[in-house]
Amino acid sequence: MKVELLTPLKTEYASESEDRLLQDFVILHGQRKIVVPQGFVTDYDSVPRLPFMYWFLGGKRHKASVVHDYLYSAECAPLLAMRGRAWADQVYRDILRAEGVGAAVAGIMYAGVRLGGRFCYKAPEPR
């Protein structure tokens, strides 16, 4: 799916493992605009910090990780209730590819969020 990064990603230090967005971060994923709001706190990649694994997969592209963190967050529950976790993971892969991550590495990272994401994702409560 076509991805356009409409604004720069600007963050500041929030804690040892997290940063806070200084302004809205906006992307266009197909026809859907996704706005990660100013003030949102992200921990970026959740890749295990094993030296080789993190060197190979971690810290590749913060933009994809910020959007993915947001899509998994409680703030985004109404959108996710309509679209689901698989959609959030696909958005992550599409942004990785748009940022220039090769197909093989993007595929491995996508598989990681599909497998490991179930431990972080909390399905929205039915209304």
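Which residue takes a positive phi in the hairpin of strand 4 and strand 5? That would be G30, with a phi near 65°, in a hairpin that has 2 residues between the strands. Keep in mind that this is a predicted model. The chain holds 5 helices and 6 strands, and along the sequence the pattern reads β-β-β-β-β-β-α-α-α-α-α. Of its 127 residues, 39% count as buried. Among contacts with a separation of 6 or more, 51% come from residues 24 or more positions apart.

- Average pLDDT for the chain is 81, and 79% of the residues score at least 70.
- Strand 4 has the highest confidence, at 97, while helix 1 (residues 51–57) has the lowest, at a mean of 47.
- Across residues 49–60 the pLDDT stays under 50, and the model gives this stretch 22 contacts beyond four places in sequence.
- Where pLDDT is low, the predicted coordinates should not be read in detail.

**Strand 4 and strand 5**

- These two strands run antiparallel and are joined by 5 bridges.
- Within that pairing, V26 sits opposite V35 of strand 5.
- H29 belongs to strand 4.
- Is H29 buried or exposed? With 4% relative accessibility, it falls under the 20% cut-off, so H29 counts as buried.
- The H29 side chain makes a polar contact with the side chain of D94, at 2.7 Å.
- Setting aside neighbours within four places in sequence, H29 is in contact with M1, K2, V3, I34, W87, V91 and D94.

- Strands in the order 2-3-6 make an open sheet of 3 strands, with antiparallel pairing.
- Strand 2 and strand 6 are at the edges with a single partner strand each, so one side of each has no neighbour in the sheet.
- Strand 2 (residues 11–15) and strand 3 are joined by 4 bridges, and the two form a hairpin with 2 residues between them.
- In that pairing, S15 stands opposite E18, and E12 has R20 as its bridge partner.
- Strand 3 (residues 18–21) shows a covered face with D19 and L21, and an uncovered face with E18 and R20.

**The nonpolar core**

- In soluble globular proteins, nonpolar side chains tend to be buried together.
- The largest nonpolar core here has 28 residues, and the members touching the most others are I34, V36, V67, L71 and V91.
- Which elements supply at least two residues of this core each? They are strand 4 (25–29), strand 5 (32–36), helix 2 (62–72), helix 3 (77–83), helix 4 (85–98) and helix 5 (103–116).
- Take V36: not counting residues up to four places away in sequence, V36 touches L21, Q23, D24, F25, V66, V67 and Y70.

**Helix 2 and H68**

- H68 is another histidine to look at, this one in helix 2.
- The relative accessible area of H68 is 7%, so H68 is buried.
- Beyond residues up to four places away in sequence, H68 touches A88, D89, Y92 and V113.

**Helix 4**

- Helix 4 runs for 14 residues and reaches 20 Å from its first C-alpha to its last, close to the 20 Å expected at 1.5 Å a residue.
- Buried residues in helix 4 are R85, W87, A88, D89, V91, Y92, D94, I95 and L96.
- An α-helix has 3.6 residues a turn, so residues three or four places apart point the same way.
- What do the buried residues of helix 4 pack against? Their partners are strand 1 (3–5), strand 4, strand 5, helix 2, helix 3 and helix 5.
- D94, one of those buried residues, is also the polar partner of H29.
- After helix 4 comes G100, which has a positive phi near 100°.

Note on methods. Residues are numbered from 1 along each chain as its sequence is written. This is a predicted model: local features need pLDDT of at least 70, side-chain atom pairs count only at pLDDT 80 or more; totals for chains, interfaces and linings use all residues. Side-chain values use heavy atoms; hydrogens and water are left out. A nonpolar core is a set of buried Ala, Val, Leu, Ile, Met, Phe, Trp, Tyr and Cys residues joined through side-chain atoms within 4.5 Å. Buried means under 20% relative accessible area, exposed over 50%, partly exposed in between (1.4 Å probe, protein chains only). Contact means heavy atoms within 4.5 Å. A polar contact is a pair of N or O atoms within 3.5 Å; within protein, one must be able to donate a hydrogen and the other to accept it, and residues adjacent in sequence count only if both atoms are side-chain atoms. Two strands pair if DSSP finds at least two bridges between them. pLDDT is the predictor's confidence in each residue, from 0 to 100. The expected span of a helix is 1.5 Å times one less than its number of residues.
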